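Have a look at the chain first, then try each task before reading its solution.

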Amino acid sequence: MLARLQTLPRDSRDTLFLLVVIAWVLLPQVSELPWWCSALAAGMLLWRGRLAFGNKPLPNKWWLLGLLAVSIAATLATHRTLLGRDAGVTLIVILLALKTLELRAKRDAFVVFFLSFFTMLTNFFYSQSLLTAFSMLLGLLGLLTALVNAHMPVGKPPLLQAARTAGWMALLGAPVMVLLFVLFPRLAPLWGVPSDAMTGRSGLSATMQVGTIASLALDSSIAMRIAFEGQPPPQRELYFRGPVLSAFDGREWRPSSRSGFPLRYKLADNLSVQGAPITYQVTLEPTSRPWLFVMEAAAESPSLPGYQTRMSNDLQWLTDRPITDLVRYQVKSHPVFRHGPERQEVGLQEFVELPPGFNPRTLALAAEIRRDPRYAQAGAAALVQVVMDRLRTGGYTYTLEPGVYGTNTADEFWFDRKEGFCEHIASSFVVLMRAMDVPARIVTGYQGGELNTVDGFWVLRQSDAHAWAEVWQAGQGWVRVDPTSAVAPGRIGAFQRLAAPQGLVGQALGTFSPTLSAQLRATWEAVNNRWNQWILTYTQGKQLQLLKDIGFESPSWEDLAYVLIGIVVGVSLAGAAWTLWDRSQHDPWLRLLGRARRQLARAGLDSHAATSPRQLAQQVLHRYGDEGRALHDWLLQLEAQRYAGTPAVGTATSLTRLKKQYAGLRFPAATAGQAPGAIL
């Protein structure tokens with residue numbers, strides 16, 4: 001196979017290389033594309049590769065039209081539209097693959113190049129992670145290599161030479177990229193394309209059904225990162241509040257359903273905080289939900305530029321629109337707080353309601369506890385203690401695989417299975433408390449996390465999604481009760497997590513050295529976090545702050561544009577001045593001849609500064625014969641360009657053509673240690 005590849009014509013070789021680069025660009029999107037799109041694109045790329053490898057003719061236009069019609073119909077059937085992000089990316093991928101099947105002339109190649117560049121950018125619609133950026137950087141270098149190679153019309157230059165040129169192009173363009181990144185105004189929606197609705201990756205939803213959170217406990221992806229100012233709070237206090245669920249239909253918990261409840265009976269938050277606040281910064285991954293997770297409890301609005309925030313009556317912080325991008329916000333929370341009514345109110349009746357006909361044995365257990373003289377007139381605190389003692393001593397276990405629960409989920413937990421995940425435990429606890437006429441509700445969010453010792457950030461994963469309870473107590477309001485702590489104290493205190501199954505590499509590293517495995521993971525996540533903090537959350541506010549740092553008192557977008565234009569003009573003038581100076585100091589013709597002399601010297605053919613191009617050409621022909629004929633002819637053309645004075649072709653144009661020809665010349669090796677066919 002390798003020998004066959006080396007003997008292929010240049011067009012076939014270049015086509016195969018371009019197909020490999022296109023496949024690399026498309027690979028990260030396979031999980032986001034419809035299966036038929038990935039399969040069809042792969043089939044067309046393989047088909048085109050086989051045609052190039054066998055030097056066979058391309059398919060006729062009817063094949064292409066048929067495939068295009070099928071692709072459009074499949075896109076409509078899958079996405080119900082041809083517009084939007086997902087449908088658009090699907091069509092772009094198909095069109096790119098189809099265009100390779102009519103890749104004949106250089107014009108077709110340029111269309112494929114720029115379609116590939118655009119397709120490469122669409123990867124960032126789905127992920128802006130460091131890994132995605134690195135893989136697309138490789139794809140960019142591959143496409144630049146193919147583009148440079150297409151501009152080498154003579155001979156069969158090795159791809160390594162084109163790759164070196166592409167690398168220099170990328171390196172020289174890096175300062176421009178950094179300048180545009182720092183100063184180009186971030187004006188939505190031009191800068192950031194919002195994700196489609198309901199494509200969130202949050203471990204929580206607006207409802208909780210038995211099994212929902214359990215299925216997410218195996219997800220080790222990061223939900224958010226926390227950076228505390230000063231000493232972080234104890235681990236047992238790391239409760240990050242999310243949706244509060246109070247309506248129960250027997251199987252599913254939802255937010256309050258009392259939309260028509262009179263306003264005068266609705267409960268106010270009545271939040272009062274005590275002590276010094278804990279200040280921290282949250283870097284939240286996209287959720288496509290309008291939720292801000294804060295550590296209980298935040299009395300002041302989180303600082304999130306570009307969003308309007310508000311706090312609901314149940315202390316959940318919400319934004320004016322779903323969060324579809326990585327965001328970072330500053331919060332001040334008070335671990336010591338009170339909220340909710342301190343005296344009995346009509347609105348509390350909502351939190352003791354239970355659906356009729358469900359969980360009869362749990363209702364009987366509640367009546368039995370109430371018949372006990374010790375608890376007949378007991379308050380909520382005493383009843384909570386009874387239930388928590390039952391969880392501690394009743395043989396209940398915390399497990400990721402509790403099995404499928406039936407209709408009466410609380411009955412099955414308390415009397416039959418006696419095992420469950422946090423949602424089973426919290427739901428059964430709240431049902432029992434309500435059955436004893438104690439107002440109770442479920443709070444979902446994240447609890448715990450782990451400290452990354454490399455960068456000092458607390459990391460909360462989707463596996464840290466948690467559900468706990470709040471019970472109303474007279475004189476105190478709503479009080480947090482986490483029944484999971486009675487079943488599995490390690491889940492709350494020491495953070496002994498239910499770990500997700502590792503892959504083969506992770507298992508091998510963990511077996512070889514658990515410490516090394518943990519350190520590698522922490523290092524990689526710290527690097528990703530730096531990427532998030534420096535790149536993805538570089539906001540409009542940071543741009544304006546940069547202008548303040550360089551002397552602008554009240555910077556605006558106009559000032560930003562002036563600075564950007566001034567730098568671009570200044571750099572352009574400096575480049576033009578350097579080019580003029582370089583031309584005045586160095587003769588381009590002599591420089592080109594000098595490059596040829598150095599290449600020949602490395603191949604073993606020495607020459608002197610006084611050796612003319614014609615003498616050099618004769619030495620090449622004498623030493624290499626027909627193998628050096630192309631080099632011989634090029635040296636004669638170089639001499640003629642200098643001394644013949646042909647008026648038909650301008651000097652600059654002729655020299656430019658000779659430079660292009662030089663890039664494609666092949667030079668036979670003069671020594672046994674040098675591979676044949678090296679580039680001059």
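Contact here means heavy atoms within 4.5 Å. This is a predicted model, where local features need pLDDT of at least 70, side-chain atom pairs count only at pLDDT 80 or more, and totals for chains, interfaces and linings use all residues. Residues are numbered from 1 along each chain as its sequence is written, and side-chain values use heavy atoms, with hydrogens and water left out.

**Exercise 1.** Find out which residues Asp 14 touches, not counting residues up to four places away in sequence.

*Solution.* Start with the location: Asp 14 sits in helix α2 (helices are DSSP runs of H or I, at least four residues, numbered from the N terminus). Next, the touching residues are Asn 149 and Leu 159. Then check the side chain: Asp 14 and Arg 13 are joined by a polar contact of 2.7 Å. For that term, you need a pair of N or O atoms within 3.5 Å; within protein, one must be able to donate a hydrogen and the other to accept it, and residues adjacent in sequence count only if both atoms are side-chain atoms.

**Exercise 2.** Work out how helix α2 packs against helix α5.

*Solution.* First, take the geometry: α2 (residues 10-26) and α5 (residues 85-100) meet at an angle of about 170°, with axes 12 Å apart. That makes the pair roughly antiparallel, a label for angles over 145 degrees. Finally, list who touches: Leu 19, Ile 22 and Leu 26 come from α2, while α5 supplies Val 93, Leu 96 and Thr 100.

Methods. Axes fitted to C-alpha atoms, helices over the stretch in contact; angles between N-to-C directions. Helix = DSSP H or I, 4+ residues; strand = E, 2+ residues; numbered from the N terminus. Parallel < 35°, antiparallel > 145°, perpendicular 65-115°, else oblique.
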